[in-house]
Amino acid sequence: MTDYVDERSSPRFEKDVTIFIEVQAASSKNSSKQDIIICKSLDLSSQGLQVVLDRSIPEGRILRLCLDIKNKEPIFVVAEVVWMYQNTKSGDYHVGFKLLESTGTDIADWQQTISEIFINAD
Amino acid sequence: MEMDPNTLKAALIAQFPIQETDKPPIAEATLVEFLGDMLDSGVDEESILSALHKKEPDASLSADHHAIICLIDSCCSVVITRAEFPTEISRRLMGVIACITRLALNEGIECLSQNRGALKVLESLIDLTIGWSDIRGNPRDSVEQKFQSSLVGLSLLTESPNSGESYLEARDNLLTLLQNDIAGFSAKEKRRIGKLEQRMVDAEAGHFKTLQSKNLAAQTVNAAMENQQLPRPIVEFLQGVWLDSLQLILTRQGLQSEEWLRATKLTETLVMTMQPENMPTGQAAITEQPQEPTLTLEGTTEIEEGVDTFPKEGAEPIQEPNTDPKESLEAQDLYRIIEHLPEELRKSLVALEHNLDAADAELSIIESIHVDIMTGEPQSGHEFAPIATDEGLLDENTSVSKSLLAPVEKLKPGQWFIYTEDAQPSRHIKLTLKVDGLKQLLFTNRNGAKVLQVNYSEFAYLMSSETATALPPPGAITLSLRTSLSNLVKKQVKKEKVIKERRKELAAAKRKKEMEDTQFVLVAVRKDQLQSTGELVDHKKASELVSRLNLGATIKLGEAGKNFVDARLAVDDPSDDKIIFVDQTGLNLGEYTKDQIADLIAGGQCEVVDSGTTEQDDFRSVITRMRKKKNLAEDS
């Protein structure tokens, strides 16, 4: 079990939404295939999210994610794995992502959508 | 645990961040003065933070003041609020918390962990005032006097802002003395109340047992009699002297005794022998044979010459006819039971142990009825109601799950609870007696008077419905604050360690890259080759290439012809002039500025494979395909 430091400071709320994670990008060089996981979030904030997976992802990995909400355009972001631990009872892996600012991503849309979800949840 | 003040401060602020505001922060001196006033006047609000906001709505707090106050509120104020003291007490106790907050601001929050004099005074005052609303008469006056004088003492000891070491040491010693004085007074009070409680317990223990015995005896008899047809004398016997006897056996010998087990068995047996259908069928054949002498209702007999008469008194019991062997065996057993039953009943008929004539009379009635039944005399069933029992809150159809019972079984005498009745102020009650064998609980108030008696199941329900809530045990506040501080520091230390390590790694990677960048390689190149657009690109062109890179762009990092590593552009943050390249699995291969990448390209240590376009983005296309499929399915 990996120790993790909870660096999260933004308010977060429990919300399960569908998340796509590209754990391996395609490569023409070695013909390795793309590997995408579809999972559910446990909680979301404007700066990151926590998901539950059935495999581990090492800390420090920078991956592409997509937030898939019904009736909304998919939101693509880049995030770094900042912590991960395995739930010894269920065997699931809880992974914490921190969003990274970058052009070519929808981070502004992410923050907007999170605010809307948060307001509607109230 | 040794706490570095800076680490602690950072940890507190991280745990209790303040919302950004334009309001100016209250100066520390002013804040300290406000808190000092609160000790004298009391605090009506549920937290020190809300009291300060109310006092100065147009000002805010600094980040570290806010964090310290939030911590103290979360460990101390919340205990006072949940304990539901009467208002006059809670506001003064909150004033003590304001005093503790003042100390923390003056001397640092870690002072509360190192010297717990002030916290102990608070704990002692809470202990002194539990059950306040029930204290009456002279005890009330003396407790009130002690409470007020303690508050004055606390105020005197903490009002000076002197931070000299000698002063603080002397102050802390005096705080300890004050706390000992309060605790000593409380201990004396408890001894006084303890005597009252013991008297009450001694009286109640007997009543407990009697009540429980009565209930259990009644339940036993009711269970045996349920749905049975019984003659009137038997009903009266079972619900009368037999019930009394069962109760006596329970009280004297207890639930697990042989006497009780025998008595319950006898109850069932007696009822069983009163059921005609339990009589063997051969016997019925005897009574129907015309040759057999019969008893008419008038008591006359019709005797046929030469035939044996009905057994006279003192004669041998009736012999069973020649029927089925198995049935004969059962009949024999039954006869044996009936034969000995009266004597067995006599042994357990302790309610009449001093009245043998009455016992004889009761038993002879039973014998007589047995004879009647065996001879086929029709018996009319007497209607009867079950014996009333004291069910308490839960009826026989209601049971409590083990998970609810578990906390009740762990309760220990001496624990205090907040008891909230409908539309009544909450009261503090103390578990004074716990009778595991009978599963009974008895509660008293501050005066040592009984206020509640329930069984385990009933109290389990009261707890789960939050009618009864446990008060925090003594020392809870001090423990909570120490634990919170310790955990905060550990968390912060861990966090700083991780950050430090990450920085080290990044710095090492950067150094490594810089080392590679500064390596000079002498290459013999023909002039015409230099003029072509070969491997070496000028810096301007390299910069143009870099500016056209999109997310997902692929480059090769390394030395031309040797150990090129495929890298993908994962992050492009113009605000920080930061580009991050990763491998296929997201492993960070390096963080660069655009200039650095251009340098690498110009120097031949980097080669752009493709600049990345949205159309080539496999990730997006997968998701778009899936969403399209999902939408079509929903539409249909």
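Predicted model: local features only at pLDDT ≥ 70, side-chain atom pairs only at ≥ 80, totals over all residues.

Reader: What makes up the secondary structure of chain A?

Author: Chain A has one helix and seven strands, in the order β-β-β-β-β-β-β-α along the sequence. Helices (H or I, at least four residues) and strands (E, at least two) are DSSP runs, numbered from the N terminus. For chain B, the tally is 21 helices and 10 strands.

Reader: How many of the residues in each chain count as buried?

Author: In chain A, 48% of the 122 residues are buried; in chain B, the figure is 39% of 636 residues. Buried means under 20% relative accessible area, exposed over 50%, and partly exposed in between, with a 1.4 Å probe and protein chains only.

Reader: Why is Ser348(B) called buried?

Author: Its relative accessible area is 3%, and the limit for buried is under 20%, so Ser348(B) is buried. Ser348(B) lies in helix H13 (residues 325-348) of chain B. Leaving aside neighbours within four places in sequence, Ser348(B) is in contact with Trp242(B), Ser245(B), Ile249(B), Arg262(B), Ala263(B) and Leu266(B). Contact means heavy atoms within 4.5 Å.

Reader: Is Asp617(B) buried or exposed, and how do you know?

Author: Asp617(B) has 12% relative accessibility, so it counts as buried. This residue sits in the loop between strand S10 (606-610) and helix H21 (618-635) of chain B. Asp617(B) and Gly552(B) are 65 residues apart in sequence, and their C-alpha atoms are 7.3 Å apart in space.

Reader: Why does Glu84(B) count as partly exposed?

Author: Glu84(B) has 39% relative accessibility, so it falls in the partly exposed class. Its place is the loop between helix H4 (63-83) and helix H5 (87-107) of chain B. Glu84(B) has a positive phi of about 55° although it is not a glycine.

Reader: What can you say about Asp577(B)?

Author: With a relative accessible area of 35%, Asp577(B) is partly exposed. Asp577(B) is in the loop between strand S7 (562-573) and strand S8 (578-582) of chain B, and has a positive phi of about 50° although it is not a glycine.

Reader: Why are H1(B) and H17(B) called roughly perpendicular?

Author: The axes of helix H1 (residues 5-15) and helix H17 (residues 476-517) of chain B come within 8 Å and cross at roughly 100°; H1(B) and H17(B) are therefore roughly perpendicular. Angles under 35 degrees count as roughly parallel, over 145 as roughly antiparallel, 65 to 115 as roughly perpendicular and the rest as oblique. Axes are lines fitted to C-alpha atoms, for helices over the stretch in contact, and angles run from 0 to 180 degrees between N-to-C directions. By class, the contact of H1(B) with H17(B) has nine nonpolar, three polar and three charged residues. Ala, Val, Leu, Ile, Met, Phe, Trp, Tyr, Cys and Pro count as nonpolar, Asp, Glu, Lys and Arg as charged, and the others, Gly among them, as polar.

Reader: What makes H9(B) oblique to H10(B)?

Author: Helix H9 (residues 165-225) and helix H10 (residues 232-253) of chain B cross at roughly 140°, their axes coming within 8 Å. That makes H9(B) oblique to H10(B). Their contact has 11 nonpolar, five polar and two charged residues.

How values were computed
Residues numbered from 1 in each chain as written. Chains lettered and ligands numbered in written order. Heavy atoms only, no water.
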